[in-house]
Amino acid sequence: MQIQQIEAFVNIYVTRSFARTAERMYLSQSRISQQLKSMESELGIKLFERTNHKVIPTERGSVFYSYAQNILNVYKEGTERLNDLKNDFYIHTQSANHLSPINKALLILSFNHPNASYKILKPVYLDGTVPYEIMSPRHLHLVRENRVTDDRINFFDLGEPYYSVIVKNGNPLSEKEIITLDDVRHKKVLMLINTGEQNKYSGPYLGELRKYFEENDTDSKAVASASDMMAELISSDYDTVAIVSNSIAITNDIPVKAIRLYVPGERHIGFAYIGTATEYMTEFMELAKKGLQAQENQNYL
């Protein structure tokens with residue numbers, strides 16, 4: 001009996017569907033069916049009753065399910081332990097918005113652990129969730145906390161994703177310590193969003209915020225570069241503000257001020273992972289967390 005056959009059985013049991021199991025495992029339905037038939041033949045029992053519309057576990061299939069889960073858990077624990085002996089790991093991210101402190105953390109890590117290697121990859125999931133089935137040991141997924149879909153997945157909290165509003169000196173908003181959405185709802189809003197992305201709402205947080213402004217009749221404009229945004233802000237009247245979440249350093253030479261924007265229901269971001277993070281992976285996550293905190297405390301947006 002092969003591990004992939006057991007994975008197919010567990011997925012069929014959970015989804016009650018050959019089609020959904022095939023999608024999850026990136027295999028054809030005929031391949032899934034063959035694997036199940038092979039298991040049933042080897043075990044000498046029928047695991048599912050199959051009709052045109054339903055896949056129903058038999059009594060023996062239900063009994064075997066808990067054992068199959070245990071087999072997969074032991075297998076994953078074993079592979080995780082073997083991978084702990086390797087010196088490479090992977091970071092999956094949906095957005096470049098928070099990569100600046102992450103890259104700094106990786107730079108420091110490379111000095112502390114010269115034999116460690118890493119790769120930054122785009123996620124293999126499209127909806128922002130992190131299914132347990134696609135995760136592998138030594139892969140860290142930069143995600144929102146509420147998008148972790150399985151309690152077997154660990155979450156390392158990096159902190160809140162935050163926005164800042166940049167206003168010209170002299171703007172009445174510059175006297176505030178925190179700006180709310182109501183404060184900017186009737187302003188002209190410039191938003192630093194990479195228009196080179198296929199999706200006009202590039203960046204998971206600014207994209208949602210821009211959608212909110214459009215739904216509430218707020219004039220929002222996507223700007224592709226920080227220099228263009230600052231130039232337009234400075235040349236505009238006080239009804240224009242800029243909102244960013246990228247790493248932009250505000251210096252005293254520019255006549256503007258950055259104020260934290262409060263957005264109700266802000267989500268935390270962090271790394272989702274399975275298994276136990278190795279020492280240098282844990283060190284990297286701590287460095288990334290410190291980088292995000294320092295970025296905010298020093299008005300680096």
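Among contacts in the protein chain between residues at least 6 apart in sequence, what percentage join residues at least 24 apart? The share is 73%, where a contact means heavy atoms within 4.5 Å. This is a predicted model, in which local features need pLDDT of at least 70 and side-chain atom pairs count only at pLDDT 80 or more, while totals for chains, interfaces and linings use all residues. Residues are numbered from 1 along each chain as its sequence is written, and side-chain values use heavy atoms, with hydrogens and water left out.

The secondary structure of the protein chain comes to nine helices and 13 strands; helices (H or I, at least four residues) and strands (E, at least two) are DSSP runs, numbered from the N terminus. Of the 301 residues of the chain, 44% count as buried, a term that stands for under 20% relative accessible area, with exposed meaning over 50% and partly exposed lying in between (1.4 Å probe, protein chains only). The chain exposes about 16,300 Å², of which carbon and sulfur atoms supply 48%; these accessible areas come from the Shrake-Rupley method with a 1.4 Å probe, and for residues only the protein chains shown count as cover.

The walk begins with the helices. The buried residues of α1 include Q5, I6, F9, I12 and Y13, and the helix is followed by R16, whose phi is positive, near 55 degrees.

In helix α2, which takes in residues 18-25, the buried residues are F18, T21, A22 and M25. They cover an arc of only 100 degrees around the axis, which puts them on the same side of α2; the arc is that of the directions from the helix axis to the C-beta atoms. What covers these buried residues includes the helices α1 (3-15) and α3 as well as the strands β1 (48-50) and β2 (55-57).

Helix α3, residues 29-43, has 15 residues and reaches 21 Å from its first C-alpha to its last, close to the 21 Å expected at 1.5 Å a residue. Its buried residues are I32, Q35, L36, M39 and E40. They cover an arc of only 135 degrees around the axis, which puts them on the same side of α3. The face turned away from this buried side carries the exposed residues K37 and S41, and after the helix comes G44, whose phi is positive, near 75 degrees.

Strands of a sheet pair through backbone hydrogen bonds, either parallel or antiparallel, and here two strands are said to pair if DSSP finds at least two bridges between them.

On to β13, the pairing with β5 is antiparallel over four bridges, and R144 stands opposite I269 in β13. β6 also runs antiparallel to β13, through five bridges, and the bridge partner of G159 in β13 is I269. Strand β13 (residues 269-273) is mostly covered, for five of its five residues are buried.

A further open sheet is formed by six strands in the order β8-β12-β7-β11-β9-β10, again with mixed pairing. The edge strands are β8 (178-180) and β10, each pairing on one side only. The twist averages 35 degrees from one strand to the next.

Strand β9 (residues 188-192) in this sheet is mostly covered, with four of its five residues buried. Five bridges join β9 to β10 (residues 219-223), and the two run parallel; the bridge partner of L192 in β10 is V223. β9 also pairs in the parallel sense with β11 (residues 240-244), over four bridges, where V189 stands opposite V241 and K188 has T240 as its bridge partner.

Key: The expected span of a helix is 1.5 Å times one less than its number of residues. Axes are lines fitted to C-alpha atoms, for helices over the stretch in contact, and angles run from 0 to 180 degrees between N-to-C directions.
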